[in-house]
Every structure is written in structure tokens, then in C-alpha cells.
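Hi,

Here is the structure I promised to pass on.

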Amino acid sequence: MVETQERFTLFHLLEYLFTLVGLLLFLLDIALDIWTVVSFYQDGAYVYMAVMIFLLLGSSVLLQVFSWLWYSDSLEKIETKVETFAKRHLLIKPFHFLQLGVYLRSISTTHFLRHTNSFTEGVAVYLNHDLQMLRLFETFSESAPQLTLMMSIILQRGELELTTAAAIASSVTMYHRSMRIYLPEKHKMSWISTGVYFLWNLLVIIPRVTALALFCSVLPCYIIAHFLSLWMLLVLVAWSQKTDHMKSPGWEWLFRAAVGLIWYFCWFNVTKKSIKLKMVLYYSFMALDTVMLLGFWCWKVFEYAGCWSSLNPYKVIPTLLGLYVTGILLKMIYYRCFHSNGDREKITEPTEGKYRRAAAYDMDTDLTPEDAAAAPAQPLTGVLKRSRTMAANFYF
């Protein structure tokens, strides 16, 4: 009993530290974004500055819309002291209008994890899941395009930088860590599993982002046409999967648009049917697209011989393709040896145990936690439905 309590305490401490570090990195990211915009202005690179501002504002608006929509369908059931205070003083809408909704979520989740206990732990799980989803959207709507832009600028000087793609893989890995709560034993997902997950994502993302940056460095105007055509195709693919994550069918299209944006850079599972076949088709298609982008870059390199001495296609292309193949092989090893399978292991449902009590218990009623535990299960809606669906998709 004492050992279990100590493990719980360690788990909560790690969750709190991860959330706190994530909030600090989020603030640091904003400071670096402002510094980058100012640098572009001082250098007279007004086109790059405009693109950077567009990415920042577009990503921020997207996050606030999702955050507000998810608050609107879950706030009455799942609250923290911070959110209760904001709701009582009618501050939630102004926070989102001022692009501060994600800050509110980060602060409330950090505060909640700091004061959580065995009963309210389920509430923190769902709050943290929505926050991780928002950060995942931010990664692929802001960080990944920014990285492509900055790498294309560096590549125009004949240099190549690959290590910065680790930031994107880190965000995907943090989402992976947030999913472990749905296992019967949350400690079962080891740090080795997380490390392998991070590594194969990194090895797959590096060639993709680098190929986009190489293509953008020689044909900057055509990258927009490439993105729009491929993104619209991916949105239609997401629609064909019949996703059901939002409260309204109209807002579901916004979710599918965000999924299409993620798929432009990296795989993200949104359904549980024929997953292996879909992954094979996705990675095969993306491999062909990446080879095409590298082919156009190689063609322009032959036209401009000045780039040949610094970036040799005979070295760059095999290296990137080798990383991509290695990443795919490592992914196969991960799913073979480390990934928990939903058919082999029972995934904890939100309506079971303490998760059900957290969902059913209402602060404004006279029900005790014991009465709420005995209450019949209610249909899943809002954050509970999203969490359950994403967990089922993740542990296929």
C-alpha cells in the first residue's frame, strides 16, 4: 500500500513537472517568435516577416477556437479552481479573444496536478489530454511551418541543419506520454518505449521537413501550391474516415482540416479501422512526395552550380532517404515490441472506476463521491468522448 502510494506521488510529481516545463517552454517559444519577427524587420526581410506573422496569428486563432469549443462542451462538468474563478467573473471568453485561452488551460492544469488526489485524478487526465491535443495542433500549424521557413532561409546560404526537427518529435512524444494513463497500469509504458517513439518520429520527420525546406529554397512560390493541393486532398481523406470528435458536424470540418495539416508533416491516427493498411499507404505516398520534392531540388541544383560545392545531392538525398527508411523500420520495431495493443490489453474506459466518478460528480449538487460512483453511467460527451476516442485510436 505504501509502495503504491509512493508510486502515485512520484507519478503526480512528474506530471506536474512536465506540465510546468511545457508552460515555460510555451512562453519561451513566444519570446523567440517575437525576436524572430523583429530580426526579419531589422534585416529588411519583409516577406519572411509577413509569412512569420501569418503563421503565428493563424496558429493562435486556430488554437483559441479549438480551446473555446472544447471548453463550451465540457466546462460545466469538469472544472478547476482557476477555471471556476474565470467562469464566475466571465473571463473565459475574453481570455480566448485575447489569445490567452491556452495559457488559462496550462495554468489550471498545472494548479490541478499540484493539488490532485485519488478522486480528482481523472479530471486532471482529461484536462491534460485537451491541452496536449492543442499543443499538437500548435506544433503542426506553427512550429513545423516555421521550421520549414527557417531551414529554407539557411539552405539558401548553402547550409543544412537537421537537429531542430527534434522540437516537433518532442511534441508528438509528449502526446504519446499523455496516452499512457489509459493503460491498466500507467507505469507500464516505460521511458524506453517513449525514447523509441521519439526516435522513430524524429527520423521520419527530419527527411520530410528537410525536403520541404529544400524545395522551398529553390522554388519558393510553388511551395504554396504544393501545400494547398496536398492539404485539401488530406482533408478529404480525413472526411472519408468519418471522424467524430467535435460536438457539431460543422466544427468537425475544422478538426479534419487540422488533421490534414498534421498529415502534411507526420502520421496521426484518427480511426481504428484498417490502421496498418492506412499507415502503409500514407508512408508510401509521403515517400513518393518527398522523393518528388528532392527531385525538383536536385534539378535546380544542377542549374545553379554554385550550390553544388556545399550541398551535394549525391550525399543529401541518400542520407535523407536512409533516415526515412530507418525511421520506418524503427517504427515497426516499436509497434512490435513496445506498443500496447487494445485487443490484447483492456484500455481503461473513462466510465470506469475513478474516471467515471470524476465525470459524474458535480460540484453544484449534494451528491457525495460515493453516490456519484453508484450512479448509472451517462453517455459520453465532450472531453470524455474525445479522450476515449483518441485512446481507442492510439492503442489499436
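This is a predicted model: local features need pLDDT of at least 70, side-chain atom pairs count only at pLDDT 80 or more; totals for chains, interfaces and linings use all residues.

How many disulfides does the count come to? Zero, taking a disulfide as a pair of cysteine sulfur atoms within 2.5 Å.

Numbering runs from 1 along each chain as its sequence is written, and side-chain values use heavy atoms, with hydrogens and water left out.

On accessibility (buried is under 20% relative accessible area, exposed over 50%, partly exposed in between, with a 1.4 Å probe and protein chains only), cysteine 221 counts as exposed because it sits at 65%. Cysteine 298, at 16%, counts as buried.

Now the helices, which are DSSP runs of H or I with at least four residues, numbered from the N terminus (strands are E, at least two). Helix α12 takes in residues 313-337, and its 25 residues reach 36 Å from first C-alpha to last. That is close to the expected 36 Å, meaning 1.5 Å times one less than the number of residues. Its buried residues include Pro313, Tyr324 and Lys331. At the N-terminal end, asparagine 312 caps α12, with a side-chain oxygen 2.9 Å from the backbone nitrogen of tyrosine 314.

Residues 282-302 are 100% helix, with end C-alpha atoms 30 Å apart. For residues 253-270 the figures are 61% helix and 13 Å.

Cheers

Technical notes: A polar contact is a pair of N or O atoms within 3.5 Å; within protein, one must be able to donate a hydrogen and the other to accept it, and residues adjacent in sequence count only if both atoms are side-chain atoms.
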